[in-house]
Amino acid sequence: MKFAVIVFPGSNCDRDMYHAAKDALGAEAELVWYQDAALEGYDAILIPGGFSYGDYLRCGAIASTSDIVTSLRREAEKGTPILGVCNGFQILLESGLLPGALIRNENLKFICHFEELVVNNNETLFTTDYEKNDVISIPVAHGEGNYYCDDETLNELIEHNQIVFTYKNNPNGSVRDIAGIVNKEGNVLGMMPHPERAAEMLLGSDDGLKMFTSMLKNWRDQYATNA
Amino acid sequence: MTKVSIHVTLKEGVLDPQGKAIENSLNTLGYDGVHDVRVGKLIEMFIDHDDVEAQVKVMCDKLLANPVIENFTYEIEEGVAQ
């Protein structure tokens, strides 16, 4: 299985993401500079955290206008698994690949610590290795991770079981304790917490590794079905 | 030369923690009557184009404002010296 890790100017979790896919999981991974707007030939695409374009205008807004996001949209339509973490989540929202927006944390602070997440949906291709309602420990590191959407969108998210992770102790004011959501089709997931920073015990937790093993397992299953 | 000023503001109901912090500071300074402080953005630009207004609307929808959380208004001034 081959992962692409998109690198924007200002990404700073790209190498962590690469390390998680390549070393912690043991799959193939490549860093893809945003100007090399080719995303064909990868089995999954990872959008890392950081501060693309210095968070100018709004977090993720400038990155969402780049050519590579046009390729990303194409891959999303094809059903390629796409995981956006932190700034990657912000970019997915700004690109319209996921509904809602992220605003400043309620307490205005940059928060950086482990948070307990509840696995609300373990039926996505990113979460099958978890049990439903598992409580996992994953670090957050953000100033603008307060998920917001209107009631209509929230009802849709609930109705289609799109809320994948929730915070046990909401640290940022997110609507309905939302930490991560998936699109209706199930192949695009965005989340504020960093599973790649919890992919091996050396980092204090390997609770995030199951996201990567789930992706690998689902890819293998699909590969076997198509073969 | 056409000058355009675009105001981007948070929609009603969207939490504005920055506005809240400013409000608290103003209250601390003794401005007791201040409430509902909201912080927005002012984006100014000059545009050379036949249909400035149409272009501004599309630019706001596409990039300058996020329709999920923000509203925008704009003023267009014709014949402004840069």
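Mentor: A polar contact is a pair of N or O atoms within 3.5 Å; within protein, one must be able to donate a hydrogen and the other to accept it, and residues adjacent in sequence count only if both atoms are side-chain atoms. Here the side chain of A:Glu196 makes such a contact with that of A:His194, at 2.7 Å. This is a predicted model, in which local features need pLDDT of at least 70 and side-chain atom pairs count only at pLDDT 80 or more, while totals for chains, interfaces and linings use all residues. Residues are numbered from 1 along each chain as its sequence is written, chains are lettered from A and ligands numbered from 1 in the order in which they are written, and side-chain values use heavy atoms, without hydrogens and water.

Trainee: Is A:Glu196 buried or exposed?

Mentor: Buried means under 20% relative accessible area, exposed over 50%, and partly exposed in between (1.4 Å probe, protein chains only). A:Glu196 has 2% and is buried; A:His194, at 0%, is buried as well.

Trainee: Where does UniProt place the feature "active site"?

Mentor: The unreviewed UniProt entry places it at A:Cys86, A:His194 and A:Glu196; positions follow the numbering used here, feature names are shortened, and annotations may be inferred rather than shown by experiment. These residues span 111 residues in sequence, yet no two of their C-alpha atoms are more than 11.0 Å apart, so they gather at one spot.
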